[in-house]
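Please take a look at the model below. Some questions about its packing follow it.

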Amino acid sequence: MRKLVEVKEGLITEKHVQFKIEAIEPFEAVEAAGKMITDSDECAFIYLVDTGTEYIYVHFKEHTWASLANALQRTDVPLLQWGEQIMPLDAFHEELWMLIENIEGNDNYGSEFRMAVEEAFHEALASRA
């Protein structure tokens, strides 16, 4: 069975971007896996977190996309806070750029998801062109 947790908010300061999970912290130490995928049915980007024995799927739903887009415009690595654990989201920029550039104009993800991504990341995509 897949473990899922949802990012509740993105906090943006001059020093860093930090995303927060309010779910119960896992007993084992977790590490950023440096991989992102999508869940077009749930309209979410998913960052994989590794426990050493399994992956936990960290969902970034639409309400966090403005913070994701902001994080793409910065050079610092975003952080994920889950209880007492704070980890850098390794390969965040590369993985998210790859996904949104692949989704742009591509209805294989579903037209609703594609349109939502294009709208949320339009400034980021325009700056890359």
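Predicted model: local features only at pLDDT ≥ 70, side-chain atom pairs only at ≥ 80, totals over all residues.

Q: At what angle do helix α1 and helix α2 pack?
A: Two packed helices are described by the angle between their axes and the distance between the axes. Here α1 covers residues 65–72 and α2 covers residues 92–103. Their axes lie 10 Å apart, and the packing angle is about 115°.

Q: How is α1 oriented relative to α2?
A: The angle between α1 and α2 is about 115°. Angles of 65 to 115 degrees count as roughly perpendicular. Therefore α1, relative to α2, is roughly perpendicular.

Q: What is the handedness of the crossing of α1 and α2, left-handed or right-handed?
A: Handedness describes how α1 passes α2. The crossing is left-handed.

Q: Which residues of α2 make the contact with α1?
A: From α1, the contact takes Leu68, Ala71 and Leu72. By class, the contact has seven nonpolar residues, one polar and no charged. The α2 side is made by Phe92, His93, Leu96, Trp97 and Ile100.

Q: Which residues of α1 are buried?
A: Helix α1 is mostly covered. Six of its eight residues are buried. They are Trp65, Ser67, Leu68, Ala69, Ala71 and Leu72.

Q: What kind of aromatic pair do Phe19 and Phe60 form?
A: The whole structure holds eight aromatic pairs. In the pair of Phe19 and Phe60, the ring centres are 5.0 Å apart and the planes stand at 90°. Planes over 60 degrees apart count as edge-to-face. The pair is therefore edge-to-face.

Q: How many residues apart in sequence are the parts that Phe19 and Phe60 tie together?
A: Phe19 sits in strand β2, residues 17–21. Phe60 sits in strand β5, residues 55–61. Phe19 counts as buried at 0% relative accessibility, and Phe60 counts as buried at 1%. The parts tied together are 41 residues apart.

Q: What is the angle between the ring planes of Phe45 and Phe113?
A: Phe45 and Phe113 form a tilted aromatic pair. The rings are 5.9 Å apart, centre to centre. The angle between the planes is 50°.

Q: Where in the chain is Phe113, the partner of Phe45?
A: Phe45 belongs to strand β4, residues 44–50. The partners are 68 residues apart, so the pair links distant parts of the chain. Phe45 is buried at 0% relative accessible area, and Phe113 is buried at 2%. Phe113 is in helix α3, residues 111–120.

Q: Which residues do ring pairs link into a cluster?
A: Phe45 and Phe113 are both members. Three further names complete the list: Trp65, Tyr109 and Phe121. The cluster is Phe45, Trp65, Tyr109, Phe113 and Phe121.

Q: How far is the C-alpha atom of Val58 from that of Phe45?
A: Val58 is in strand β5 and counts as buried at 0% relative accessibility. Beyond its neighbours within four places in sequence, Val58 is in contact with Val5, Val7, Ile21, Phe45, Ile46, Tyr47, Val49 and Leu80. Val58 and Phe45 are 13 residues apart along the chain. Their C-alpha atoms are separated by 8.2 Å.

Q: Is Leu79 buried or partly exposed?
A: Leu79 is in strand β6, residues 79–82. Residues up to four places away aside, Leu79 touches His16, Val17, Gln18, Phe19, Ile86, Met87, Pro88 and Leu89. Buried means under 20% relative accessible area. At 21%, Leu79 is therefore partly exposed.

Q: What is the phi of Cys43?
A: Cys43 lies in the loop between β3 and β4. Cys43 counts as buried at 11% relative accessibility. Its phi is positive, in a residue other than glycine. The value is near 55°.

Q: What is the relative accessible area of Ala91?
A: Ala91 lies in the loop between β7 and α2. Ala91 has a positive phi of about 60° although it is not a glycine. Ala91 is partly exposed, and its relative accessible area is 33%.

Q: How far apart in space are Ala32 and Gly110, C-alpha to C-alpha?
A: Ala32 is found in strand β3 and counts as buried at 17% relative accessibility. Its contacts, neighbours within four places aside, are Tyr47, Leu48, Met87, Pro88, Leu89 and Asp90. Ala32 and Gly110 are 78 residues apart in sequence. In space the distance is 28 Å.

Methods. Residues numbered from 1 in each chain as written. Heavy atoms only, no water. Axes fitted to C-alpha atoms, helices over the stretch in contact; angles between N-to-C directions. Helix = DSSP H or I, 4+ residues; strand = E, 2+ residues; numbered from the N terminus. Parallel < 35°, antiparallel > 145°, perpendicular 65-115°, else oblique. Left-handed = near helix turned anticlockwise from the far one by under 90°. Contact = heavy atoms within 4.5 Å. Nonpolar A, V, L, I, M, F, W, Y, C, P; charged D, E, K, R; others polar. Phe/Tyr/Trp six-rings, centres within 6.5 Å; stacked < 30°, edge-to-face > 60°. Buried < 20%, exposed > 50% of the residue type's maximum accessible area, 1.4 Å probe, protein only.
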